[in-house]
Amino acid sequence: MQLGESPEAVGPAPTLRPLPLILLVEDDFVLRMSLSELLMAEGFRVESCADGRDAYRRLHVLPRPDVILLDIMLPHLDGLELRAMQRKTAVMANIPVIVITAYDLSNTNADELELSTRFSKPIDTLTFGSSIEAYLPETRRGG
């Protein structure tokens, strides 16, 4: 905008979209921090929980995450139990879940859980962020 030019001549201010929100549920502190840093560098907001019980409580708070990254072997409430409870709660049932685990999920378990996808530990960090973006709602994907 030039001096003396009216603000209307410039046009409306661009609308800023908040970054997509990832809920990372992982009990291993080092992995949780590493994945959080990686995801933030990829352009995501990240909230994390160290156990399934805290994650279930977090899912009842707005804003709800766009994607859940879920370990299976967790204290207090494991990932299988958390996913079952999530699917029974209408307001959070459709949040995509991506499992990150060393746990051996049989195809039957994966089908029963209705997972978006899964990553085995150790995680390939080169494709991790772009793989997650594919499961975001279309309105939340980056350019």
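1. From the N terminus on, the elements of the protein run α-β-α-β-α-β-α-β-α-β-α. That makes 6 helices and 5 strands. Please keep in mind that this is a predicted model.

2. Some totals for the protein. Of its 143 residues, 38% count as buried. The accessible surface comes to about 8400 Å², and 54% of that belongs to carbon and sulfur atoms. Taking contacts between residues at least 6 apart in sequence, 63% join residues at least 24 apart.

3. How much of β4 is buried? The strand is mostly covered, with 5 of its 5 residues buried. In a regular strand the side chains alternate between the two faces of the sheet. In β4 both faces are covered: Val97, Val99 and Thr101 lie buried on one side, and Ile98 and Ile100 lie buried on the other.

4. Which strands pair with β4? β3 runs parallel to β4 and is joined to it by 3 bridges. Within this pair, Ile68 has Val97 of β4 as its bridge partner. Between the two strands the chain passes through helix α4 (residues 79-87), and the β-α-β crossover from β3 to β4 is right-handed.

5. Strand β5 (residues 117-120) also pairs with β4, again in the parallel sense, over 4 bridges. Here the bridge partner of Val99 is Arg118 of β5.

6. The largest nonpolar core has 19 residues. Val25, Leu59, Ile68, Leu70 and Leu82 are the residues with the most contacts inside this core. At least two core residues come from each of β1 (21-25), α3 (52-58), β3 (67-70) and β4 (97-101). Apart from this core lies another one, of 15 residues, and among them are Leu35, Leu39, Val67 and Phe119.

7. Leu70 deserves a separate look. What does Leu70 contact, leaving aside its neighbours within four places in sequence? The partners are Val25, Gly79, Leu82, Arg83, Val97, Ile98, Val99 and Ile100. Two of these partners, Val25 and Leu82, are also named with Leu70 among the residues with the most contacts inside the largest nonpolar core.

Definitions and conventions:
Residues are numbered from 1 along each chain as its sequence is written. This is a predicted model: local features need pLDDT of at least 70, side-chain atom pairs count only at pLDDT 80 or more; totals for chains, interfaces and linings use all residues. Side-chain values use heavy atoms; hydrogens and water are left out. A nonpolar core is a set of buried Ala, Val, Leu, Ile, Met, Phe, Trp, Tyr and Cys residues joined through side-chain atoms within 4.5 Å. Buried means under 20% relative accessible area, exposed over 50%, partly exposed in between (1.4 Å probe, protein chains only). Contact means heavy atoms within 4.5 Å. Accessible areas come from the Shrake-Rupley method with a 1.4 Å probe; for residues, only the protein chains shown count as cover. Two strands pair if DSSP finds at least two bridges between them. A crossover is right-handed if, with the strands pointing away from the viewer, the path from the first strand over the helix to the second runs clockwise.
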